[in-house]
Amino acid sequence: MDRKQAAKRVAIVGAGTSGLAACKHLLARGFRPAVFEAGASLGGQWTRTLATTRLQSPTTGYRFSDFPWPDGADAFPRHDQVVEYLAAYARRFGVEECVTFRSKVVAAEYVGGADTAGDAAEELWAGNGEAFGGGGAGRWRLAVRHGDSDATQAYEFDFLILCIGRFSGVPNIPAFPPGAGPDAFRGRVLHSMEFSDMEDADAAALVKGRRVAVVGSGKSAYDIAAECADANGAELPCTMVCRSPQWLVHDVNVWGKLNLGCLFMNRFAQLMVRKPGAGLVSSILATLLTPLAWLISKVTEAYYKKAIPMREYGMEPDIGFAGSLSSCKIGMLPDAFYDKVSSGSVVIRRSGAFTFCEDGLVLDGGRVVAADLVILATGFRGDQKLRDMFVSPRVKDIVAGSSDTTVPLYRECVHPRIPQMAVIGYSESLTNIYTIEMMAKWVARLLDGAFRLPSVRRMEQSVAEWGRYMRRSNGDRFRRSCLGAVNIWYNDELCRDMGCDPRRKKGLLAEWFQPYGAVDYADIQ
């Protein structure tokens, strides 16, 4: 082990998918990180989910580059199987030995130096563009609460990596007019986060024999509605209140055996996208290919509209299929979901807004949905979760940007003005584990001194350019920073930083037309 790396103290907050990948790649480069996990086991959100939750991507796409799934694994494994896969990965690479469980980091404070860069935009990140900074560099002081103790213990580190995710911690609760919020309802209201955190038996008992209304348009809303329908049937149907339907599909192959990856997730498909930082020629080419991109999207939409009765039940998405990929508004339907709708055990109600009344929910036009239990599948406030990590008002103010910008992370990992800190796993992609692992490799190489970061000004220019792309392609969800349509291009940039060849396939046809995935980057360690 390199003594220089071993002497540097690195903290990782979170032992979910991103925390495990970060720890593995730091261990491979001679570091010995300390991983703090608030829960009692590895796996992050996969340990706190619905009983019926399955993987959203096939195992061929959702995997670490150097750690295949076991032979015989389901194409879309159950959540407990995903947890076991992650645990096996941690055992294989010695990650579990670095984790302290039931240890919640409640505050992070940069001490011994300026916690943010000054106004001189030409200066280098952390003083010299390196992970651990130059002379006079500070350190991160973490306040950690262990077990059931109310007291906190202080630890200091030379570098901090946040792997806290964005789909937990701080629920997004809609605002209501006075007298029309949950207090007006005589039943029970809870967020999907609370429902998912329950033991399976407790969650089943909660919905059994009750009129349940689920509010939301995303994957969680569909899953909860399906579970309630299985519990109560058509006698007590679950009402799903939906504002903007999303593309939830039953299969990743269209029109026979044409895989979506061959249509949208190869290098040729990304020629049709105006990629941030790719230059004028790339932008012109993408514009010329717009008719082809439109045709591919429409042909794909036609297949799913034919195969899924979404139009019959008013659930045809307003956004096109290609747009849903670029904004990560896509998921897999629960098994036999529309059979449940057809049988009457799930009732779908479209509404642009809702409020509460004594008996349930009031929808557009004054329609009332009677309910005993309302579950809000209305998402999370990942930006607030990120802010809440910090003590410094200045860091709180800048770390997550504003409501008009994306979270300002260079290469989706490093804030240009916050030294000696990285964030892994905040941005979204269609197969998160694939993107997370590349981020972990990039951050590990940064810590190992394989490359330096550019000036604060250059990083902020890049952040702004990627932010414009997110606004253009992700619509009202731009702050989620979805990389779905530009994942290969994003990886290209990481590869160039690390001094690796971005072209990972053998042969011209394979390079342009085969889908890219984690395995293509397996030799980057």
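## The antiparallel sheet

Strand β5 (residues 139-146) pairs with β6 in the antiparallel sense over five bridges. Strands are DSSP runs of E with at least two residues, and helices are runs of H or I with at least four, numbered from the N terminus; two strands count as paired if DSSP finds at least two bridges between them. Ala143 stands opposite Ala154 in β6.

The open sheet has three strands in the order β4-β5-β6, with antiparallel pairing. Its edge strands, β4 (103-111) and β6 (153-157), each pair on one side only. From one strand to the next the twist averages 25°, with axes fitted to C-alpha atoms and angles running from 0 to 180 degrees between N-to-C directions.

## Basis of the model

The model is predicted: local features need pLDDT of at least 70 and side-chain atom pairs pLDDT 80 or more, while totals for chains, interfaces and linings use all residues. Residues are numbered from 1 along each chain as its sequence is written, and side-chain values use heavy atoms, leaving out hydrogens and water.

## The disulfide

The structure holds one disulfide (a pair of cysteine sulfur atoms within 2.5 Å). This bond joins Cys328 to Cys482, with an S to S distance of 2.0 Å. The link is right-handed, with 75° about the S-S bond. Cys328 lies in the loop between α11 (321-326) and β14 (330-332), and Cys482, 154 residues apart from it, in the loop between α16 (456-474) and α17 (487-498). Both cysteines are buried (under 20% relative accessible area, with a 1.4 Å probe and protein chains only; exposed is over 50%, partly exposed in between).

Cys23 is in no disulfide, and the nearest cysteine sulfur, that of Cys98, is 3.9 Å away. Cys23 counts as buried because its relative accessibility is 0%.

The sulfur of Cys357 is too far for a bond, because the closest cysteine sulfur, in Cys238, is 17 Å away.
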